[in-house]
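Let's take a friendly walk through a protein model. Keep the picture at hand as you read.

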Amino acid sequence: MVKSMTGYGRARETRNGRDITVEVRSVNNRYLDCAVKMPRAYIFAEDAVKSLVQKHVSRGKVDVFVSIDSLGAEETVVAVNDALAKSYIDALRHLSQLGGGMVKEDYYVTDLARLPDVLTVTKADEDLTVVSADICAVLEEALRAHAAMRETEGKKLTEDIRRRVDTIAALTRLVEERSPQTVAEYRQKLLDRMREVLQSTAADEGRILTEAAIFADKVAVDEETVRLHSHLSQLREMLESSVPIGRKMDFLIQEFNREANTVGSKCSDIQIARDVVDMKAEIEKIREQVQNIE
């Protein structure tokens, strides 16, 4: 199935006390270019995120946005500086004694807790493998939504390209039908001119046949139209492919242009020239659409 390079996917999930949100946005690009934006504290998971994106996307400019809110209290550790707390207690007792009993020795644990550096709050060590796995699990869901949107866009592109392929096929058949007529018309014009010049003298039929044959060889487009039909068949097969075919299609469209240009340069017939112009217009529209295909 054809997929567009343009897409968006979002997923949010709470895993191991972390509220993880991942957004994936992509636009067309010649190659895969993945940029990840996430909190600095979790930058260790960037390589895992990029690796997962590469498994799902082969072409496009992909931006991944990761936001993480820590909800679990187990992620923080409150520690008591025992030595410092004891020093504070001893110091307070000493102050009480210095007062000669005039200072009441009355203090509470909460009072001690307010003293500088008695309590320290630190972040618990995290299992980096688990955190990376959690982020990638949410990313997987976002990529599924992203793929679904790209498939929807891909269907629209496929339908449009198929219509244009049918138009090019019809124009190619018109060129094939018209090409032999141009030779017959050239032969008749040549005969009329010779008769006009020679007047009463009989025209040299052999010479006319020779000139007509030379002209026919010069304007023959059989090879080009056969290749055009072959390219059209190949393009239809690509549209049914389940693997990324954007680059191949881009190359094939260049071959379409080459054959159409050759037909246009060979034929001086007005009707064929018009058909070729219409054909090239359709080819150009397909080329624009192919730029969005993965």
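Strands here are DSSP runs marked E with at least two residues, and they are numbered from the N terminus. Please remember that this model is predicted.

## The sheet

Start with the open sheet, where 4 strands follow the order β1-β2-β4-β3 with mixed pairing. At its edges lie β1 (7-15) and β3 (32-37), each of which pairs on one side only. On average, neighbouring strands of this sheet are turned by 15 degrees against each other, ignoring direction.

Helix α1 (residues 46-56) packs on the sheet and touches β3 and β4 (60-70). The direction of α1 makes about 145 degrees with that of β3.

Strands of a sheet pair through backbone hydrogen bonds, in a parallel or an antiparallel way. Along it, G9 has V24 in β2 as its bridge partner, and G7 stands opposite S26. The two strands form a hairpin with 2 residues between them, and N16 in the turn has a positive phi of about 50 degrees.

β2 is also joined to β4 by 10 bridges, again running antiparallel; here V27 has K61 in β4 as its bridge partner. β2 is mostly covered, with 8 of its 10 residues buried.

## A nonpolar patch on the surface

Now look for V78, V80 and L119, which form a nonpolar surface patch with about 260 Å² of accessible area together. V80 belongs to strand β5 (residues 76-80). Because its relative accessible area is 49%, V80 counts as partly exposed.

Key
Residues numbered from 1 in each chain as written. Predicted model: local features only at pLDDT ≥ 70, side-chain atom pairs only at ≥ 80, totals over all residues. Heavy atoms only, no water. Patch = residues over 30% accessible without salt bridge, like charges linked within 9 Å, V, L, I, M, F, W, Y side chains within 5 Å. Areas by Shrake-Rupley, 256 points an atom, 1.4 Å probe, with all protein chains shown as cover. Salt bridge = Lys/Arg side-chain N within 4 Å of Asp/Glu carboxyl O. Buried < 20%, exposed > 50% of the residue type's maximum accessible area, 1.4 Å probe, protein only. Pairing = 2+ DSSP bridges. Axes fitted to C-alpha atoms, helices over the stretch in contact; angles between N-to-C directions. Contact = heavy atoms within 4.5 Å.
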